[in-house]
Amino acid sequence: MAKTVTLADGTVLPALGVGTWNMGEEPARWPEEVESLRYAVLNGVQVVDTAEMYGNGRSESVVGEAIYPYRKKVFLVTKVLPSNASSQGMAESCRKSLRRLGTDWIDLYLLHWRGGVPLGETVDAFRKLQQEGLIRHWGVSNFDTDDVYELDGCSRIGECVANQVLYNLEHRGVEYDLLKTDYRRKIVTMAYSPIGQGQKLLKSPVLADIASRHSTALGPATPAQIALAWVLRQNNVLAIPKAASHEHMKQNLAARDLELTEQDLAQLDAVFPPPTKKTPLDMI
């Protein structure tokens with residue numbers, strides 16, 4: 001059975017979604033990106049994540065084209081820039097995102113990171129958009145523990161439903177206290193870049209060794225699938241790896257079936273040790 005996460009209002013989502021950072025940057029790749037996203041949706045992926053910042057809106061346009069025939073199957077996530085997170089600014093940004101996405105509503109609207117706008121004003125702006133029916137849920141991104149604590153002063157438990165942060169084998173700092181802090185507040189942690197950026201992580205010999213002991217429906221497991229399965233093993237974590245091609249998307253989806261053993265996890269801990277103290281939140 002595919003792993004799931006549950007939002008504060010009881011909405012259940014598959015724990016594997018898809019990210020779209022850098023999509024829409026190259027017009028020649030647009031059709032392939034659209035096809036990849038459609039393949040994901042038709043194979044059980046619900047959460048599609050984008051942002052107004054990605055490609056100055058072009059990523060949202062790719063997503064809009066891809067999901068248009070399947071809108072009701074998709075749990076659509078996009079993000080507002082902190083410079084637009086004021087009451088008026090968010091209202092304008094949300095409507096622009098809706099036009100690019102070709103939809104009447106956003107399922108989850110996130111503050112991309114902390115900025116100069118008071119957090120209470122941003123929360124009130126989210127609530128107004130909910131009242132207008134333009135967004136169904138709201139959340140945050142790149143919020144460390146102290147930022148989540150600050151939300152306690154301007155929102156109720158269960159209002160903020162997600163916190164999207166960098167989380168992978170190379171960046172485990174969130175395990176020290178943030179994952180628990182999110183969970184206690186009914187906030188799902190969304191893991192961006194769960195298999196790292198570039199090839200550095202995937203060239204680790206330990207991933208190749210573990211992959212040699214596993215297989216998927218597509219054949220022998222890959223280091224990327226092991227790295228993704230490692231993130232998916234966590235309770236209350238939803239992973240959103242990017243996959244801009246059909247083949248890459250197939251490989252990511254196949255990772256859903258991998259079950260890492262205690263031996264596997266111990267090997268990974270030895271090479272990528274868990275945190276022993278609080279560290280600043282990593283961001284890319």
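User: What makes a set of grid points a pocket, and how is its volume defined?

Analyst: On a 1 Å grid over the protein atoms alone, a pocket is an open set of points with protein on both sides within 12 Å along at least five of seven lines. Its volume is the space filled by probe spheres set on the points, which are joined across faces, edges and corners. In this predicted model, local features need pLDDT of at least 70, side-chain atom pairs count only at pLDDT 80 or more, and totals for chains, interfaces and linings use all residues. Residues are numbered from 1 along each chain as its sequence is written, and side-chain values use heavy atoms, without hydrogens and water. The largest pocket holds about 590 Å³ of space.

User: What makes a residue part of the lining of the largest pocket, and which lie nearest its centre?

Analyst: A lining residue has an atom within 4 Å of a point. There are 30 such residues, and Trp21, Ser193, Gly196, Gln197 and Lys242 lie nearest the centre.

User: Why is strand E5 called mostly covered?

Analyst: Buried means under 20% relative accessible area (1.4 Å probe, protein chains only). In E5 (residues 75–80), a DSSP run of at least two E residues, 6 of the 6 residues are buried; therefore the strand counts as mostly covered.

User: How do you know that both faces of E5 are covered?

Analyst: In a regular strand the side chains alternate between the two faces of the sheet. Phe75, Val77 and Lys79 on one side are buried, as are Leu76, Thr78 and Val80 on the other.

User: Why are E4 and E5 said to pair?

Analyst: Pairing requires at least two DSSP bridges between two strands. E4 (residues 47–49) and E5 run parallel and are joined by 3 bridges, so they pair. Asp49 has Val77 in E5 as its bridge partner.

Notes:
On a 1 Å grid over the protein atoms alone, a cavity is a set of points where a 1.4 Å probe fits but cannot get out, and a pocket is an open set with protein on both sides within 12 Å along at least five of seven lines; lining residues have an atom within 4 Å of a point. Buried means under 20% relative accessible area, exposed over 50%, partly exposed in between (1.4 Å probe, protein chains only). Helices (H or I, at least four residues) and strands (E, at least two) are DSSP runs, numbered from the N terminus.
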